[in-house]
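Dear colleague,

Please find below the structure that I am handing over to you. My notes on its pockets and helix packing follow it.

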Amino acid sequence: MSRFAHGLPAVREFVCLGEGGTPVVDLPALARRLGVRSVSAKLETSNPTGSYKDRVAALSMSLARSQGYRGWIATSSGNAGMAMAAYGARAGIPGFLCLAGSVPPEKSLPLLAFGADAVRVVRVNGAGRPEVDGDMFDQVRDAAARHRLYLGVTLHAFNPQGMRGIDTIAYELAEQVPKATHVYAPVGGGGLVVALARGLAARGLDPRLVACQPSGCAPVVRFLAGEIPAVAIERSESEISALQLPRPPDGEAAAEAVARSQGWGTAIDDATILVAQRWLAAAEGLFVEPAAAVTVAALVADADSERLGPDARPVLILTGGGWKDLGRFAPDAARLKAIDIGRVSRDIDEWVDSGGAD
């Protein structure tokens with residue numbers, strides 16, 4: 001990220017674990033399926049802790065160290081917590097992390113590797129409900145001010161300088177896919193879309209932004225469609241981790257950014273998102289978490305509804321790796337066939353004869 005220092009808040013030196021510089025890859029199978037000129041994906045899964053939140057954590061910890069904070073404090077549904085813990089350890093700055101109670105084990109268990117001296121982790125019961133989230137955010141913000149802790153919540157409403165780290169995704173897209181016509185991004189709290197819009201504008205690019213949300217928690221999509229008067233709903237009915245914010249703190253700014261780009265919002269049900277996750281792995285070799293697969297499902301839906309023309313060049317922001325939510329594959333693992341050593345050759349023959357290698 002240091003090569004973009006001129007476009008980021010000033011720090012004495014960057015705390016780095018090799019974040020950024022993530023590849024953009026073509027998705028030819030998906031392009032053929034949709035009948036568009038090309039589809040590509042920005043693999044934020046390649047970041048050190050497997051998500052785009054590493055960019056926020058890298059800049060946040062760089063700012064915290066430069067400005068002499070005694071520690072950091074944050075809330076997380078998983079990805080941000082892992083990123084802040086890793087970069088906090090790298091910077092030598094201890095932290096306190098409030099996890100949503102619904103965080104999958106694959107996102108919470110790795111935090112234990114850092115040890116209590118690096119990060120104190122607590123689960124907050126009821127997180128994900130607006131009244132609980134609001135209280136949690138207030139307490140965390142007050143504690144940050146009271147104890148001189150860097151407020152590392154990955155939202156512009158709380159950490160506007162640290163969120164500038166996400167601008168570097170857009171800076172890289174300007175170099176990698178300058179002719180992109182659409183950028184599909186998941187929307188939870190809304191900060192990713194806000195930063196993408198800012199970074200793309202800084203590079204003179206104006207692709208349409210598409211806000212992708214699960215239909216069970218789609219306040220930004222519904223607001224853009226004129227269904228609700230404000231970017232807020234009563235509660236989340238979705239099980240897609242990281243996208244369960246019924247009142248996204250950056251939601252209004254995200255909706256404004258999408259509208260300004262002449263883009264739109266697309267909402268997809270959970271079941272279809274999970275099908276898209278498996279399809280992307282089987283057809284393109286990319287294993288992403290459900291929150292990232294929402295972009296694939298949304299793109300397919302938009303193509304089916306003829307929102308995209310044949311000359312479209314969409315880019316998907318694949319925000320997190322599939323290993324962050326492995327629990328949903330446990331039933332598949334339980335059905336794995338076990339055979340004796342003497343059957344290996346025969347099973348291979350049967351697989352080939354049945355067309356498995358064709």
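The structure is a predicted model, in which local features need pLDDT of at least 70 and side-chain atom pairs count only at pLDDT 80 or more, while totals for chains, interfaces and linings use all residues. Residues are numbered from 1 along each chain as its sequence is written, and side-chain values use heavy atoms, with hydrogens and water left out.

I begin with the helices. Two packed helices are described by the angle between their axes and the distance between the axes. Helices (H or I, at least four residues) and strands (E, at least two) are DSSP runs, numbered from the N terminus. Axes are lines fitted to C-alpha atoms, for helices over the stretch in contact, and angles run from 0 to 180 degrees between N-to-C directions.

α7 and α9 pack with their axes 8 Å apart, at an angle of about 40°, and are therefore oblique to each other. V193, V194 and A197 of α7 make the contact with A253, A254, A257 and V258 of α9, where contact means heavy atoms within 4.5 Å. This contact has seven nonpolar residues, no polar and no charged; Ala, Val, Leu, Ile, Met, Phe, Trp, Tyr, Cys and Pro count as nonpolar, Asp, Glu, Lys and Arg as charged, and the others, Gly among them, as polar.

α7 also packs against helix α6 (residues 167–176): their axes come within 7 Å and cross at roughly 45°. α6 and α7 are therefore oblique to each other, and α6 passes α7 in a right-handed crossing. On the α6 side the contact is made by D167, I169, A170, Y171 and L173, and on the α7 side by L192, A195, L196, R198, G199, L200 and A202. By class, nine of these residues are nonpolar, one is polar and two are charged.

For helix α2 (residues 53–66) and α3, the axes come within 8 Å and cross at roughly 40°, which makes α2 oblique to α3. Their crossing is right-handed. Among the residues that meet here are K53, D54 and R65 in α2, and N79, Y87 and R90 in α3. The contact divides into eight nonpolar, three polar and four charged residues.

I turn now to the pockets. A pocket is an open set of points on a 1 Å grid over the protein atoms alone, where a 1.4 Å probe fits, with protein on both sides within 12 Å along at least five of seven lines; lining residues have an atom within 4 Å of a point. Grid points are joined across faces, edges and corners, and a volume is the space filled by probe spheres set on the points.

The largest pocket has a volume of about 850 Å³. It is lined by 48 residues, of which S77, G189, A242, Q244 and L245 are the closest to its centre. The elements that give two or more residues to this lining are β3 (71–76), α3 (79–91), β4 (95–100), α5 (130–147) and α7 (191–202). α5 gives the most, with five residues. The lining has 22 nonpolar, 18 polar and eight charged residues.

The second largest pocket holds about 160 Å³ of space. Its lining includes A197, L200, A257 and R260, and the elements that give two or more residues to it are α7 and α9 (251–260). The largest share, three residues, comes from α7.

Yours sincerely

Technical notes: Angles under 35 degrees count as roughly parallel, over 145 as roughly antiparallel, 65 to 115 as roughly perpendicular and the rest as oblique. A crossing is left-handed if the near helix is turned anticlockwise from the far one by less than a right angle, and right-handed if clockwise.
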